[in-house]
Amino acid sequence: MSFSVRKTQAPWSIMSDYKVVHRKQDLEMKISSLYHQAQLAIGIIDSSDEEDLVNTLEWYRENMNFSLHLITTQERAEEMDLADRYPDVTFILFKNTSTTGEYINALSDECYTTYFLVLRTDTVLIEYQGQELTRMMSEKNRPALITPVMLSSQLEVIPTLRAPHLNGKEFDPLSFTPTVSEVAEEETLYPLMGLGLYDRALFQRLRVYDTQITGEFFQMADFGIRCYLLGYNILATRNIVIQFPQKISIVEDRSPCEGMERFYTKAMSIRRIAGKNMVEKWKPYVDKALLNEEVKKKQIILQKTDFFTLMDNWKVKE
């Protein structure tokens, strides 16, 4: 094993220290990636107790022959002596707990693979159709990411599809249940909890998660809407199915958070009129510095549509 200490370099990030404990294979992958890039890494976010963590690592080591990364805290890793117990796992160890987006940004910097799959220790992987998923991610109009169908502890399908919607000036997405009677590819506005299969290069080109937005709901929605505004989409399919063994349902915390104005400024400040992008402040949620430095100078050039057109044209399920 080897150690390295990094600071996240992603745009829109609050600098956060983390330590990487590399497995030997990852160092070999980094060198070989100059010639041939490995296809898939699995990143698991530590989100439950020690028993779940151990059971999760054991299952993936036995059943999924891919580069395995665990994202947790230095304190947890030291208490459980994880690096010595699991020398074939790479550990991304944060000094303090951070946001989901910060964890995924770090994984994308460290995994050296074409794709990476984000899961959690409180989930169980029920189905993963790798060949079909690779086909979806290899198509010309590939999605930015693919999100899983999620099941409750009672094996009921959780309504994880999100559609764009406003309640007055407030972002208030609609929720729907994915189709499971057949393998369907259905659009969703953003990835719930950040879970799913990502195209690593595209994720970084889309400028990753904005960790100056501290709430997971607004952080995920910011990235998802950005994908659509820049011409990409996000698909849900039962080619990936996960279960939450201890959850009957998933409730998003949609309460106001630090950095929420950043979400509204990027998502709502541009209107596309007669094929041209025009800037209009989305009061009362305006980050003036972001509007002037990012939206007016960069985003206005790249944006392919606007949130309001996206909302009007979204195919809402019955």
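Arg135 counts as partly exposed because its relative accessibility is 34%. The model is a predicted one. Arg135 pairs with Glu132 in a salt bridge, with 2.4 Å between the closest N and O atoms. Glu132, at 30% relative accessibility, is also partly exposed.

**Salt bridges**

- Across the whole structure, 18 salt bridges are found.
- Both Arg135 and Glu132 belong to helix α6 (residues 130-138), where they sit three residues apart, about one turn of the helix.
- Another salt bridge joins Glu252 and Arg254 through their side chains, at 3.0 Å from N to O.
- Arg254 has 29% relative accessibility and therefore counts as partly exposed.
- Lys266 forms a salt bridge with Asp222, and the closest N and O atoms are 3.2 Å apart. This pair connects distant parts of the chain, since Lys266 is in helix α9 and Asp222 in helix α8, 44 residues apart.
- Lys266 and Asp222 are both buried.
- A network of salt bridges links Asp210, Asp222, Arg226, Arg262 and Lys266.

**Helix α9**

- Helix α9 spans residues 260-268 and is mostly covered, with eight of its nine residues buried.
- The buried residues of α9 include Arg262 and Lys266, along with Met260, Phe263 and Tyr264.
- Among the elements that cover the buried residues of α9 are the helices α8 (216-229), α10 (288-302) and α11 (307-313).
- Strands β10 (166-167), β11 (170-171) and β16 (270-273) also contribute to that cover.

**Largest pocket**

- The largest pocket holds about 300 Å³ of space.
- Its lining has 19 residues, and Leu206, Arg207, Arg226, Leu230 and Leu302 lie nearest the centre.
- At least two lining residues come from each of α7 (200-205), α8, α9 and α10.
- By type, the lining residues of the largest pocket are nine nonpolar, two polar and eight charged.

**Strand β2**

- Strand β2 (residues 17-22) is largely enclosed by the rest of the structure, because five of its six residues are buried.
- β2 runs antiparallel to strand β5 (residues 90-94), and four bridges join the two.
- Tyr18 has Phe94 of β5 as its bridge partner.

**Leu82**

- Leu82 is part of helix α4 (residues 82-85).
- With 0% relative accessibility, Leu82 counts as buried.
- Beyond residues up to four places away in sequence, Leu82 touches Leu53, Leu70, Thr72, Arg76, Ala77 and Phe91.
- Thr100 is 18 residues from Leu82 along the chain, and their C-alpha atoms are separated by 21 Å.

Terms used. Residues numbered from 1 in each chain as written. Predicted model: local features only at pLDDT ≥ 70, side-chain atom pairs only at ≥ 80, totals over all residues. Heavy atoms only, no water. Buried < 20%, exposed > 50% of the residue type's maximum accessible area, 1.4 Å probe, protein only. Contact = heavy atoms within 4.5 Å. Pairing = 2+ DSSP bridges. 1 Å grid on protein atoms, 1.4 Å probe; cavity = no way out; pocket = protein on both sides within 12 Å on 5 of 7 lines; lining within 4 Å. Points joined across faces, edges and corners; volume = space filled by probe spheres on them. Nonpolar A, V, L, I, M, F, W, Y, C, P; charged D, E, K, R; others polar. Salt bridge = Lys/Arg side-chain N within 4 Å of Asp/Glu carboxyl O.
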